[in-house]
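Some labels used for a protein model rest on cut-offs.

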Amino acid sequence: MLLQPRPPSPLQDIRDDRFERHGVRLLLKRDDLIHTTIPWDTDLLGPVDLYPPGNKWRKLAPNLRAAAGRTVLTFGGAYSNHLRATAAAGRLLGFPTVGVVRGDELARRPLNPSLARCAADGMRLHFVDRASYRAKDSPEVLAGLLERFGDVEVVPEGGSNALAARGCAALGRELRGLTEVAAVACGTGGTLAGLAAGLGPGQRALGVPVLRGGFLGETVARLQREAFGGPAGSWSLEERFAFGGYARTTPELEAFAADFEDRHGLPVERVYVAKLLFALTALAEEGGFPPGSRVTAVITGTPQESSVSR
C-alpha cells in the first residue's frame, strides 16, 4: 500500500520538573510523526501535514484493506479530524470517499476550513439532520445511505470498530517493555481499546476522554469484545479533563498548552493532546503514579490538524 508508515513511531524523553519531582519520567510517543520518516514525492502526494496522522491511520488502514478499493462512507461532525483523515487517504490512494456530516443546516453555509479540506481531497459531503445522524447506526438510516450511494464500505464515526482496535494494538506492542503507563486522549475509544490489548504484562493503558458523558467505558469494552473476544489488557479512564466537551477549551487549558510549548518546543494540538498532557501533569502532582514510573503520552495529532477542528 502506497501510504504505509514505517513503525515504530518515535519515542521522545521529556525532562519536566512537574513529573521529575515525583519520581516520574514522562515520554512522548510521537504518533503524529508516523509518516514523516518516509521520503515522499511531495510534488505528487502533497505536503506531509495533509497525510492522516498516526492513530487515525492505524484505525483506517485495516478498514481500507477491507474496502479493497470500494468507496468508503463514514461519519463525522463539521470539524471531524476523522473525516479529513479519510478524505486525505482517499486522495493519496485513489479511492472515492463519502462523508456523512452532522447538521443539514451546514449545506446552506460556506464550507468551514475542515470540510473545505475534505472537499478538496475529493470527498463527497452528504449533510443530514441531527436526528438522522443520531440514528446513523440503525438499519433504516444505513439502508437509505446504501440506496443512495450504492456499494460502499461503511466505517463508523471516528473510525472505531473491531478492525480499528486490532490496528491500534500495534501501538501497544511498540511500547512493550518501555513504559508502565501508556496514556491517550479518547474520542470514540478505538485507539484505547487497541492500545491496551497490545501492551504487555505489568503495563496499563490510561484513557482521557475529551467528551463529556461517561459512556466511553462501555464503548471500549464492547470494542474489545468485538475485536479480541473479550477484555484485553489493563485499562482505565480518567474523566475529569474534558474541559466542557469536544473541542471546548478554557483559559487554564490554553495557558497550560502554551506553557508546555515554551518548556519543550513541542507544538501542542488543542482538541486532544492538550487535555491529555494536562491530565497527566495533574495526576503526577496528585501522586497518581508511583515513583519510578515511566508514563508515556501518545501524541495523536498536530496543531495544524486542530487549527481547523475546533
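Q: What makes a residue of this chain buried, and how many residues are buried?
A: A residue is called buried if its relative accessible area is under 20%. In this predicted model, buried residues make up 56% of the chain's 310 residues.

Q: Why is D16 called buried?
A: D16 has a relative accessibility of 1%. The cut-off for buried is under 20%, so D16 counts as buried. D16 sits in the loop that links β1 (11-14) to α1 (17-20). Apart from neighbours within four places in sequence, D16 contacts F260, R263 and H264.

Q: Why is P291 called exposed?
A: The relative accessibility of P291 is 69%. Exposed means over 50%, so P291 counts as exposed. P291 belongs to the loop between α12 and β10. With neighbours within four places in sequence left aside, P291 is in contact with H22 and G23.

Q: How far apart are P291 and R21 in sequence and in space?
A: In sequence P291 and R21 are 270 residues apart, while their C-alpha atoms are 9.3 Å apart in space.

Q: What share of the contacts in the chain with a separation of 6 or more comes from residues 24 or more positions apart?
A: Such residues account for 75% of those contacts.

Q: What makes a group of residues a nonpolar core, and which members of the largest one touch the most others?
A: The members must be buried residues of the nonpolar kinds from Ala to Cys, joined through side-chain atoms within 4.5 Å. The largest nonpolar core has 35 residues, and L28, L277, L280 and F289 touch the most other members. At least two residues each come from β2 (25-29), β7 (181-186), β8 (204-209), α11 (251-264), α12 (273-285) and β10 (294-298). The largest share, 10 residues, is supplied by α12.

Q: What does L280 touch, not counting residues up to four places away in sequence?
A: L280 touches F19, A183, L206, F289, V295 and A297.

Q: Which residues does the second core include?
A: The second core is separate and has 18 residues, including A162, V184, A193 and A205.

Q: Which residues make the contact of α8 with α9, and how do they divide by class?
A: From α8 come A165, C168, A169, L171, G172 and R173, and from α9 come G190, T191, A193, G194, L195 and G198. By class there are 6 nonpolar, 5 polar and 1 charged.

Q: What makes α8 roughly perpendicular to α10?
A: The axes of α8 and helix α10 (residues 216-228) are 8 Å apart, and the packing angle is about 85 degrees. Angles of 65 to 115 degrees count as roughly perpendicular, so α8 is roughly perpendicular to α10. The contact uses A162, A165, R166 and A169 of α8 together with L223, E226, A227 and F228 of α10. The contact of α8 with α10 has 6 nonpolar, no polar and 2 charged residues.

Note on methods. Residues are numbered from 1 along each chain as its sequence is written. This is a predicted model: local features need pLDDT of at least 70, side-chain atom pairs count only at pLDDT 80 or more; totals for chains, interfaces and linings use all residues. Side-chain values use heavy atoms; hydrogens and water are left out. Buried means under 20% relative accessible area, exposed over 50%, partly exposed in between (1.4 Å probe, protein chains only). Helices (H or I, at least four residues) and strands (E, at least two) are DSSP runs, numbered from the N terminus. Contact means heavy atoms within 4.5 Å. Ala, Val, Leu, Ile, Met, Phe, Trp, Tyr, Cys and Pro count as nonpolar, Asp, Glu, Lys and Arg as charged, and the others, Gly among them, as polar. Axes are lines fitted to C-alpha atoms, for helices over the stretch in contact, and angles run from 0 to 180 degrees between N-to-C directions. Angles under 35 degrees count as roughly parallel, over 145 as roughly antiparallel, 65 to 115 as roughly perpendicular and the rest as oblique.
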